[in-house]
Amino acid sequence: MIPMLLSGLAAIGFIAFSAMFLIWLERKISAWIQNRMGPMMTGFHGTLQPIADTIKLLLKEDIVPKGVDFLSWWLAPFFVTVPVVMAFLVIPFSPKWIALDLNVGVVYICSVTSLCVLGIFMAGWGSNNKYSLLGGMRSAAQIISYEVPLLLSVLLVVMEAGTLSMQGIIHAQSHGWFILKPHLTLAFLIYFISATAEVNRVPFDIPEAESELVAGYHTEYSGMKFAMFFVAEYTNMFIISAIATTLFLGGWQGPWLPGVVWFLLKSYGVIVLLMWMRWTLPRVRMDQMMSFAWKVLTPIALLNILISGWFMVK
Amino acid sequence: MGDLVTINMGPQHPSTHGVLYLELQLDGEVVVGCKTHLGYLHRSIEKIAENRTYTQFIPFTDRLDYLASMNNNLGYCLAVEKLLNVAVTPRAQYLRVIIAELNRVVSHLVAIGTFAQDLGAYATPLFYAFSDREKIVELFDSICGSRLTYNYMRIGGVSGDIPAGTEQVIKDFIKYERKQLIEYNELLTYNAIFLARSKNIGILSKEAAINYSVTGPILRASGVKWDLRKEEPYLVYDQFNFDIPVGTVGDSWDRFKVKLDEIEQSLRIIEQAIGAIPEGNPVSKVNRVFRGTGEIYLRTENPRGELGFYLVAEGGFNPTRCKIRSPSFSNLSALEELIKGLNISDAVCVLGSLDIVMGEIDR
Amino acid sequence: MLFIYIKRIFIGFYSLLKGFKVTFKNLLKKPVTLNYPVVKQPMKERFRGMVDLYPDKCVICYQCIKICPTAALDLGHKTLEDNKTKNITKFTFNAELCCFCGLCDEICPTEAIFLNQMYEVSYFDHKDLIKIDLMSPEKYKNVDGGTS
Amino acid sequence: MQNSEILSLIKNKFPELLAEETPHGLVIPKTNLLDVARFLKTELGFENCHCVTAVDRKDRIEVVYHFYSFTYHFMLTLKIILSMNDLTVESVASLWRSADWLEREVYDLFGVRFLNHPDLRRIMNPDEWTDYPLRKDFKREDFIPRPVSPGLKG
C-alpha cells in the first residue's frame with residue numbers, strides 16, 4: 001500500500017514539476033523562434049516564471065459564470081487531470097522505475113489518455129457558453145476520430161514486439177530502435193500526427209482555436225480550474241512523448257547515461273519537436289482535419305499494417 | 001435545418017481586428033446569417049474636423065487608419081492643397097512618396113501577420129512581420145518623432161526634412177526586406193495548410209467587388225487591374241516604374257498574395273524615388289493660415305484602398321464639411337455576403353483577409 | 001490516381017518542412033527585442049514625449065494655445081502696471097487631452113515650449129495628470145521613470 | 001470620351017432637370033434621382049458608387065453622390081438639395097450595393113431618410129438615439145465645439 005501511495009505522490013510531484021518546466025520551455029522556445037527573449041525577470045532567464053504564474057492562478061478568484069451546469073462544470077477539470085495522473089502508472093522511466101508493469105500496458109495507457117475527451121466535453125457543455133460548446137463538440141469529434149490511426153500505428157508496434165507490456169516493448173528494441181525500421185518510421189509519423197491531434201496541439205488545436213473560439217472549452221474557467229486544464233494539457237504532451245519514446249525510440253535504452261536520463265531526454269526531445277511545430281504551422285479547419293484523419297492517415301495506417309503484417313507472417 | 005445558434009462575435013473577440021461586432025447565425029458551424037454592428041470606436045472625427053482649422057485636423061487623420069497614418073496625412077493634405085491651391089516643392093513630393101510607400105509596406109506587413117494569426121499560425125509570422133515593421137517605425141520615429149501617430153505631413157510640405165543618413169537606412173531596409181519576403185513565401189504563402197485554409201475561401205467576384213465599391217488590394221485580388229497611383233497619378237507617381245499585382249480568383253489567398261506582392265512593388269518605388277530625390281526645402285511652417293472656398297473630392301491610394309476626402313469650405317478657417325470616405329468601410333460591407341455559407345473558421349479567415357481597421361470604419 | 005494522391009501528400013509535407021526550416025533559422029538568430037526594464041533604448045532626437053516649457057523663454061504669444069487641436073494647454077497672464085511686461089499667472093498642461101502631435105513645439109517662435117524625451121509616464125493620482133503646472137521646475141519629478 | 005462629353009450626354013437625356021455646378025458636378029431635383037442613377041449605371045457605365053454623403057448648409061441639406069466610371073476615369077458628382085422640412089430621398093442601394101451602408105451612415109449622421117432602403121438603421125450611433133450629430137444645429141450640454149483657453153482673446 002505504502003509504495004503505491006509513494007509512487008502516486010511521486011507521479012503528482014513529477015507532473016507538477018514537468019508541467020512547470022514545459023510551460024517555461026514552451027515560452028522560451030516560442031520566444032527564440034520569434035526572435036524574442038521570453039520571460040527574463042523572475043529568476044535566471046525566467047526560470048521561476050511558472051511558479052509566479054502558479055501563485056497568481058492560485059490567488060485568483062474562482063469565477064462561476066451565471067447559468068452553468070454546475071456539476072459538470074465543476075467536475076470537468078478533474079476529469080481532465082485524473083486520467084493524466086493515471087497514465088503515469090505504466091510509464092517506464094527506467095528498467096526499475098515503473099509503478100506497475102501491466103501486461104496490457106499499451107492498451108491501458110491508450111484507453112486512459114482518451115478519457116480526457118470526457119472532461120473536455122463536460123467543460124464545453126457545462127460552461128453555458130456557445131464558444132465553449134463549439135469547442136467541446138469539436139474536441140469530441142477530433143479526439144475520437146484520431147484515436148483510430150493512433151491505435152492502428154500502435155498496433156504495428158505491438159505486432160513487431162509481440163507483447164503489450166511497456167517494458168517488454170522496450171526490451172524488444174534492444175537490437176535497434178523501432179523507428180529505424182521503414183514500416184515503423186511510417187507508423188511513427190502517423191502516431192506523431194495523431195498524437196498531436198489527441199492533445200489538441202497546433203496544427204490541430206481547433207477545440208481551443210484562439211482566433212475563432214476565443215479559448216474554446218476553457219473560456220469560462222479562471223484561477224485554479226484553468227490551471228488544471230493547463231497542467232493537464234502539458235502533462236498530456238509529456239505522456240504522448242513518453243509513449244512515443246517507449247514505442248519507437250527505445251525507451252530508457254542508451255549508452256553511458258542512466259536509463260531515466262535517456263528516457264527524459266528522448267521524451268523532451270519529442271516535446272520540443274511538438275513545440276517547434278506549434279510555433280510554425282497554421283491551424284487546419286475542422287472538416288479538413290477530419291478528412292485528413294479518415295482519408296489519409298487511417299488508410300495509410302491500415303495499408304501499412306496489411307503489408308508489413310504479410311511480411312511478418314511470411 | 002435544425003435550430004440556429006446566434007453567436008456574438010465581438011466586440012471583444014481575438015480576431016475581429018478591433019471592436020467589430022458580428023452577430024452570426026450558425027447552423028452547426030456554418031454561418032447562415034450575419035449582421036454587422038459598427039460604432040464601438042465612433043469618435044465623430046468628421047464633426048471634429050468642422051471645429052478645427054485645416055492644420056489642426058492633421059493629427060486627427062492619424063487616428064483614422066492608425067496603421068497607415070502617413071497615408072491618411074497625405075490624403076488629407078493633398079485634398080486641402082488642391083482646395084486652397086497651395087504649392088508643394090518637388091523635394092516634399094518625393095519625400096511624401098517615399099514615406100507613404102514605406103507606410104504601405106508597414107501596413108501590409110501588419111496585414112500579413114494578423115492574417116496568419118487569424119489562420120492560427122500562433123504569433124510567429126506576426127512577430128516576424130512586426131520585427132520588419134519595427135525597422136520602418138524606428139525610421140519614422142527619427143523622422144517625425146512618433147511611432148504610430150506620425151503627424152508628419154503639413155499642408156504645403158512636410159514637418160521636417162529627413163535627418164542625415166536616412167537614405168542609407170532605407171536602402172538597407174529594402175535589401176533586408178527582399179530577403180524577408182522569400183521567407184514569408186516559404187513560411188506562409190505556399191504552405192500546404194495555409195493554402196488549404198485560404199484557397200477558394202470567400203470568393204469575391206469582379207462584378208461584386210465593383211458593385212460593393214471595394215477598393216485597393218481586395219479589388220485587385222478580384223482581378224481588376226486598378227491602382228490609383230497608376231490610373232490617376234497624384235504626386236510624382238507617374239515617374240516611377242511599377243507593376244500592379246492582380247489576383248485571379250478573388251479568394252482569401254489572392255488577397256493575401258496581392259498584399260505580399262505589393263510590398264515588393266512599393267520597395268521598387270522607394271528604390272527609384274530615393275535615387276531621384278531632388279534638393280530643396282520640403283518644410284512647410286505650421287503657422288500659415290489657410291482659408292478658402294470651394295469643394296473637392298480627392299482620393300488617394302491607401303494601403304487598404306481608396307481613401308477619399310470630401311472637403312467643403314465656405315471661406316472660414318475650418319471646413320464646413322469633411323467627409324472621409326474610408327476604404328475599410330466599403331470593404332467591410334462586402335463581408336456579410338462573403339461569409340454566408342462558410343464555416344466559422346472560414347469566416348475568421350475572410351475577415352482577416354479583408355484587413356479592416358476599425359479606426360477608419362467607425363471614424 | 002493513387003500516385004497523384006500520394007504525390008499531393010508529399011508536396012504538402014515538403015511545403016510544411018520549408019516552414020520548419022524558416023523557424024529553425026530564426027531560432028538560432030539573436031533576439032531583436034530588448035530586455036526592457038533593464039535595458040532601455042535611447043529616444044530619438046525628435047521624439048515627442050511630454051510637453052515641457054522653458055518659462056524664461058516664453059513671450060506669451062498664445063500661439064501654442066491657438067494651434068493646440070485638443071486644447072490641452074491653458075495659459076493665463078496679467079500685465080504689470082507699466083503696461084509693458086507681462087507675467088504668466090498660470091500655464092498648465094492636461095496630459096489626458098494631449099494627443100502628442102507636437103504642433104505647439106513647431107509653432108513656438110522662441111522654442112520655449114517643447115516636447116521632451118519622456119516616455120514612461122504614469123501617475124498615481126488623476127488630478128496630477130490633468131493639471132501639470134508647466135511653470136514649476138519639478139513638474140515631472142513624481143512621474144515614474146522621468147528623465148527630465 | 002472626354003469629361004465634358006459625359007456631362008453633355010447626361011444633359012441631353014435630362015435637359016430640363018439639371019443644373020451644372022462646380023467642376024464635374026450636377027444638381028438634380030430629387031424626384032429624378034432614380035432615373036438619372038439608372039441611366040448612369042446601365043448606359044454610361046458608372047459601375048462604382050464611390051461615396052454618398054451629405055452637407056448641412058444650415059437652411060438646406062445637400063446629399064452628394066460620387067459615381068465613378070472605370071472606363072472613362074471620370075468621377076461624377078451628383079447633388080440633391082433637400083429642404084429641412086422634407087428630408088427624404090430615394091435610395092440607390094438597389095443599383096449599387098455599396099450605397100447601402102453609405103446611405104445608412106448619412107441617415108445616422110444627418111437624419112436624411114432614404115426611401116426603399118433595404119435596412120435603414122443607424123449604423124454607428126445607438127439605435128435609440130434621436131439626435132443627428134453632424135447637423136450644424138446639433139446641441140448637447142456635453143458637446144463643446146472647441147474648448148478654448150480662458151486667457152485667450154480674439
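Okay, ground rules before we dig in. What we have is a predicted model, where local features need pLDDT of at least 70 and side-chain atom pairs count only at pLDDT 80 or more, while totals for chains, interfaces and linings use all residues. Residues are numbered from 1 along each chain as its sequence is written, and chains are lettered from A, with ligands numbered from 1, in the order in which they are written.

So, chain A. You get twelve helices and zero strands; helices here are DSSP runs of H or I with at least four residues, strands are E runs of at least two, and both are numbered from the N terminus. The radius of gyration of chain A is 20 Å, close to the 20 Å from the globule rule for 314 residues, so chain A is as compact as a globular protein of that length. That radius is taken over C-alpha atoms, and the rule is 2.2 Å times the number of residues to the power 0.38. Along the principal axes, the C-alpha atoms of chain A fill a box of roughly 65 × 50 × 45 Å.

How much of chain A is buried? Of its 314 residues, 49%. Buried means 20 or more other C-beta atoms within 10 Å of the residue's own, exposed means 12 or fewer, and partly exposed is in between, with C-beta atoms placed from the backbone.

Now contacts, meaning C-beta atoms, placed from the backbone, within 7 Å. Take contacts in chain A between residues at least 6 apart in sequence: 78% of them join residues at least 24 apart.

Which pair of chains shares the most contacts? Of the five pairs in contact, that's A and B. Chain A puts in 24 residues and chain B 27. On the chain A side, the elements giving two or more residues are α6 (130–161), α9 (210–213) and α12 (286–313), and α9(A) gives the most, with three residues. Chains A and D, on the other hand, have no contact, and their closest C-alpha atoms lie 25 Å apart.

Asn151(B) isn't a glycine, yet has a positive phi of about 55°. You'll find Asn151(B) in the loop between α5 (124–144) and β4 (153–154) of chain B. Buried or partly exposed? Asn151(B) counts as buried, with 25 C-beta neighbours inside 10 Å.

Over in chain C, Phe100(C) has a positive phi too, near 50°. Phe100(C) lies in the loop between β3 (86–93) and α3 (103–107), and is partly exposed because 19 other C-beta atoms are within 10 Å.

Terms used
Two residues are in contact if their C-beta atoms, placed from the backbone, lie within 7 Å.
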